[in-house]
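User: I would like to learn how to read a structural model of this kind, feature by feature. Could you take me through it?

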Amino acid sequence: MTIAAGDLREKITVERASYINNEFNEPVETWAPYISRRARREDSGSGEKEAAGQSAPF
């Protein structure tokens, strides 16, 4: 299955925990980008939502 470049309208960035030093040279945990990619949005069907317990009970 080929995806056209025009369909990739969303940007996804995966981040990971990282350490930087503050002004006192102490390590501080922060989030840093790991990888960024373009993606397309694909809504899940109602069957997937029901299985995850996300459907309204009406």
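**Reading a hairpin and its nonpolar patch**

Analyst: Let us begin at the surface of this predicted model, where strand 1 and strand 2 each supply at least two residues of the nonpolar patch.

User: Which residues make the nonpolar surface patch?

Analyst: The patch is made by I12, V14, Y34 and I35, and its nonpolar surface is about 360 Å². I35, which has its place in strand 2, is partly exposed, with a relative accessible area of 34%; a residue needs over 30% to be part of a patch.

User: In what sense do strand 1 and strand 2 pair, and over how many bridges?

Analyst: Two strands are taken to pair if at least two bridges are found between them. Here strand 1, residues 10-21, and strand 2, residues 27-39, pair in the antiparallel sense over 12 bridges.

User: How many residues lie between the two strands of the hairpin?

Analyst: There are 5 residues between strand 1 and strand 2 in this hairpin, and N25 has its place in that loop.

User: Is N25 buried or exposed?

Analyst: The general idea is that a residue counts as exposed when its relative accessible area is over 50%. N25 has a relative accessible area of 57%, so it is exposed.

Technical notes. Residues are numbered from 1 along each chain as its sequence is written. This is a predicted model: local features need pLDDT of at least 70, side-chain atom pairs count only at pLDDT 80 or more; totals for chains, interfaces and linings use all residues. Side-chain values use heavy atoms; hydrogens and water are left out. Helices (H or I, at least four residues) and strands (E, at least two) are DSSP runs, numbered from the N terminus. Buried means under 20% relative accessible area, exposed over 50%, partly exposed in between (1.4 Å probe, protein chains only). Patches are made of residues with over 30% relative accessible area and no salt bridge: like charges are joined within 9 Å, nonpolar side chains (Val, Leu, Ile, Met, Phe, Trp, Tyr) within 5 Å. Accessible areas come from the Shrake-Rupley method with a 1.4 Å probe; for residues, only the protein chains shown count as cover. A salt bridge is a side-chain nitrogen of Lys or Arg within 4 Å of a carboxyl oxygen of Asp or Glu.
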